[in-house]
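This briefing covers a predicted model.

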Amino acid sequence: DAAPDRSPRPAPASVSRGRAMTLSFTVYGVAQPQGSAKAFIPKGWNRAVITSDNPKNKGWRQLVAEAASEAIRQMPAADREVTTDAVRLTVAFHLPRPKYLKGKSAPHVTRPDCDKLVRSIFDSLTKVVWRDDSQVVELVASKHYAAVDAVPGAVIRIEPVVTEAAERRLAFA
């Protein structure tokens, strides 16, 4: 009996075309919350140094950006640009399961907070998928314990929000 492979690896991405492009991908690894930034001015300096209170976040954000970039590379060349349109973000975080839960089902009601996990995703995808995270106008986020023997990670889906103006443009195209 071999132990399951728990190493982070790229997941297959899916790109679907309908009336607008949708990007879906999975990031393997332990999701990290966006911590608070702290600034201080060292003695003798005239500029502030900004630090994060979660040093693990940088690596997580890199994994998210790389997974998104790989998913974008699988898109048709004409659709690979950073979007400037309104988007819907759906993300499901699958966090490490504590040993005491074994095979039991339970909601994830402990830290990290869902909103801080989402903030990390927002920042990871800025300049990769969208120009600015203010373009996310709809959000569905959830956090769960990963299935027994499953690798923790996040399943991310980004899809355009079709407005009435966009509907009219599509109708005339």
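Ser124 is buried: its relative accessible area is 5%, and the cut-off for that label is under 20%. The residue belongs to helix H2, which covers residues 114–125.

**Surroundings of Ser124**
- A polar atom of the Ser124 side chain lies 2.7 Å from the backbone oxygen of Ser120.
- Once neighbours within four places in sequence are set aside, Ser124 is in contact with Arg61, Val64 and Ala65.

**Aromatic pair**
- How many aromatic pairs does a search of the whole structure find? The search finds one.
- The pair consists of Phe122 and Trp130, with ring centres 6.2 Å apart.
- The planes of the two rings stand at 90°; because angles over 60 degrees count as edge-to-face, the pair of Phe122 and Trp130 is given that label.
- Phe122 and Trp130 are both buried.

**Confidence**
- The mean pLDDT of the chain is 85, and 82% of the residues score at least 70.
- Of the elements of the chain, strand E5 (residues 87–95) has the highest mean pLDDT, 98, while strand E1 (residues 14–17) has the lowest, 44.
- The pLDDT is below 50 over residues 1–12, a stretch with 11 contacts in the model beyond near neighbours in sequence.
- Residues 14–19 also have a pLDDT below 50, and this stretch has 15 contacts in the model beyond near neighbours in sequence.

Conventions: Residues are numbered from 1 along each chain as its sequence is written. This is a predicted model: local features need pLDDT of at least 70, side-chain atom pairs count only at pLDDT 80 or more; totals for chains, interfaces and linings use all residues. Side-chain values use heavy atoms; hydrogens and water are left out. pLDDT is the predictor's confidence in each residue, from 0 to 100. Helices (H or I, at least four residues) and strands (E, at least two) are DSSP runs, numbered from the N terminus. Contact means heavy atoms within 4.5 Å. Buried means under 20% relative accessible area, exposed over 50%, partly exposed in between (1.4 Å probe, protein chains only). A polar contact is a pair of N or O atoms within 3.5 Å; within protein, one must be able to donate a hydrogen and the other to accept it, and residues adjacent in sequence count only if both atoms are side-chain atoms. Rings of Phe, Tyr and Trp (its six-membered ring) pair if their centres lie within 6.5 Å; planes under 30 degrees apart count as stacked, over 60 as edge-to-face and the rest as tilted.
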